[in-house]
Amino acid sequence: MSIHSVARHQSHLAWDNSIQPILRVKSGDTVKFDCLDASNGQITPDSTVASVASLVFSNLDQVNGPIFVEGAQPGDTLKVEVLSIETADWGWTACIPGFGLLSDEYPEPALKIWKLNKKGGYTYFNEEKGIKIILCPFAGEMGVARKERGPFSTIPPYNTGGNIDTKHITAGSTLYLPIEVEGALFSMGDGHAAQGDGASLGTAIETPIVAELRFSVVKDRPYTRTPHFKTPPVNVSNEEYYCTTGVEPDLREASRAALRHMVQYLGQEYGLDPVEAYMLCSVTGDLRIHEVVDMPNYLVGLMMPSSIFSQQMS
């Protein structure tokens, strides 16, 4: 099977089935993508918080592609095997005004530039306090064109994929996408070095990536109507978590409460200011739905792994 390449400049800013493919591949072929970060190069290792305030939103979350997969027809499934993902040696996390689960409570911009230890597979959130994050690279944007004529924003997810921001689709995983147009027209981008489930701030550790994917057209999977995925074998560890919860009659408000309570906890126990704690929750804390049946209230938890701290949580 053939191996193809997609360069950084071969990108677009909307899902639209009228965009001409940049590459045609056969089922079983591999494509190597070289992707800028989600800021589309607007944030660099030398950026300051002023860069966040001046972000051009219409240029965010570009995706590389589209790729036409021969033999792909509406009703088929595109099988996407993630063979490898490599980050840059830097990344960024930002509090962007108007964006994020607690955007109304954090109106000011903030920016953190990370140095990624790719060989060691970690980065320090705060080296002095011994807060270390394990790197787990993935692409937030992976999807195919919708049957409806666009353009559609790349910011939200759709039933055809898009900005699914799912940290479990790492190297060794397989993503299944429902095909709605001939050729599938696959695109990807939005590299992350690490993220918690929920990406509560709206940004993770954003970073440029180079990824290799293998595409196969699969017939007879009528149940693939939204993105499905299979993870690689999970390395079960002795991880411990501290969990705060939100109890509300609305799932979003329960999620906001769980996050708010974790921010308060991290401030009290680890001396983090609210913005630092909010960022930490986004890059490594997992929002989980714990209860959805005992009405009128839902229970959502924010689970923080203890291993990131050099001192044990109390």
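1. A charge is said to sit over a ring if NZ of Lys or CZ of Arg is within 6 Å of the ring centre and within 35 degrees of the ring normal. By this rule, the charged end of Lys-132 sits over the ring of Tyr-122, 4.7 Å from its centre, and the charged end of Arg-24 sits over the ring of Phe-68, 4.0 Å from its centre.

2. A word on the basis of these values: this is a predicted model, in which local features need pLDDT of at least 70 and side-chain atom pairs count only at pLDDT 80 or more, while totals for chains, interfaces and linings use all residues. Residues are numbered from 1 along each chain as its sequence is written, and side-chain values use heavy atoms, with hydrogens and water left out.

3. The protein has three helices and 22 strands, where helices (H or I, at least four residues) and strands (E, at least two) are DSSP runs numbered from the N terminus. Its radius of gyration, taken over C-alpha atoms, is 20 Å, close to the 20 Å that the globule rule (2.2 Å times the number of residues to the power 0.38) gives for 314 residues, so the protein is as compact as a globular protein of that length.

4. Buried residues (under 20% relative accessible area, with a 1.4 Å probe and protein chains only) make up 51% of the 314 residues. In soluble globular proteins, nonpolar side chains tend to be buried together.

5. Ten aromatic pairs are found in a search of the whole structure, a pair being rings of Phe, Tyr and Trp (its six-membered ring) with centres within 6.5 Å. The rings of Tyr-270 and Phe-309 have centres 4.1 Å apart and planes at 20°, so this pair is stacked (planes under 30 degrees apart). Because Tyr-270 lies in helix H2 (residues 251-270) and Phe-309 in the segment after strand E22 (298-305), the pair ties together parts that are 39 residues apart in sequence.

Terms used: Rings of Phe, Tyr and Trp (its six-membered ring) pair if their centres lie within 6.5 Å; planes under 30 degrees apart count as stacked, over 60 as edge-to-face and the rest as tilted. Buried means under 20% relative accessible area, exposed over 50%, partly exposed in between (1.4 Å probe, protein chains only).
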